Amino acid sequence: MDTNRTAKLEFAVQMSCDSCVNAVKGVLEKEPGVQSVHVDLAKEQVLVETALTSLQVQSLIESTGRRAVLKGIGNSESDLGAAVAMVSGAGLVQGVVRFLQLSQDRCLIDGTIDGLMPGAHGLHVHELGDLTQDCMSCGDHFNPFRKPHGAPQDSERHVGDLGNITAGPDGRASFRLEDSQIKVWDVIGRSLVVDSGEDDLGRGNHPLSRITGNSGERLACGIIARSAGLFQNPKQICACDGVTLWEERDRPIAGKGRKVTDAPTANL
Ligand SMILES: [Zn+2]
């Protein structure tokens with residue numbers, strides 16, 4: 001599958017002078033996976049057109065000694081929608097996965113999930129955005145056409161079948177997938193679940209192979225919510241928990257420890 005299609009990533013980067021701009025541009029422009037770089041010093045904004053993952057671009061910017069926060073993701077042609085899932089579970093697994101609709105039949109899925117056992121883990125969009133019983137209330141794999149479970153490249157598969165992601169020795173899986181069946185507008189309000197084991201892609205002998213890929217228990221999940229496209233997120237302070245954009249960067253991306261105090265949520 002063609003996975004070299006570029007997306008535009010908008011980062012907020014702490015920059016105060018022209019030498020900062022040159023440092024950031026310099027490190028990005030020499031990277032083969034970067035198509036173009038635009039820096040707006042006054043807005044502390046860096047726009048990168050790239051086929052790299054958002055984590056790779058963030059790491060490149062931060063290699064210059066500046067902090068970077070991803071603010072938006074979009075593409076060159078038209079705004080077909082973007083979404084994000086903050087994934088967490090009962091254990092240490094947590095991450096952020098972004099969806100960007102590149103065209104009618106191509107969705108980019110860019111994410112980083114931490115706290116996994118090294119190796120392959122099944123990743124699926126599930127039918128329901130219901131976390132009332134944690135990941136157990138997310139329903140089955142999203143399957144509007146009543147197909148058997150399969151691999152991402154199969155035409156006969158659940159729409160939600162994204163195959164496997166692979167965690168390295170540090171427990172981090174960072175990935176950039178393109179999918180022809182997922183549409184951002186169909187998955188907003190549903191959930192994304194990462195499993196404990198490898199998805200056999202419907203090719204196994206286990207009775208669950210054609211149902212779930214026999215990929216084990218649900219480790220972590222998150223509701224897929226509409227997210228900002230490019231330049232749609234002007235915030236500097238996150239009203240939700242009172243931390244600034246920059247402070248937020250140093251907090252865990254989801255789960256416990258994100259808020260300053262882990263006070264119980266007020267009853268609504
Ligand atoms: Zn499936």
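This is a predicted model: local features need pLDDT of at least 70, side-chain atom pairs count only at pLDDT 80 or more; totals for chains, interfaces and linings use all residues.
View A. Four strands form an open sheet in the order 2-3-1-4, and their pairing is antiparallel. Strand 2 (34-40) and strand 4 (68-74) each have a single partner strand and stand at the edges, so one side of each lacks a neighbour in the sheet. From one strand to the next, the twist averages 20°. Strands of a sheet are paired through backbone hydrogen bonds, in either a parallel or an antiparallel manner.

**View B. Strands 1 and 3, with helix 1.** Six bridges link strand 1 (residues 7-13) to strand 3 (residues 45-50) in the antiparallel sense. Within this pairing, Ala-12 stands opposite Gln-45 of strand 3. Helix 1 (residues 18-29) packs on the sheet and touches strand 1, strand 2 and strand 3. The direction of helix 1 makes about 170° with that of strand 2.

View C. Eight strands form an open sheet with antiparallel pairing, in the order 10-8-12-13-5-6-7-11.

**View D. Strands 12 and 13.** Strand 12 (residues 191-195) pairs with strand 13 (residues 218-226) in the antiparallel sense, over five bridges. Asp-195 has Arg-218, in strand 13, as its bridge partner.

Technical notes. Residues are numbered from 1 along each chain as its sequence is written. Two strands pair if DSSP finds at least two bridges between them. Helices (H or I, at least four residues) and strands (E, at least two) are DSSP runs, numbered from the N terminus. Axes are lines fitted to C-alpha atoms, for helices over the stretch in contact, and angles run from 0 to 180 degrees between N-to-C directions. Two residues are in contact if their C-beta atoms, placed from the backbone, lie within 7 Å.
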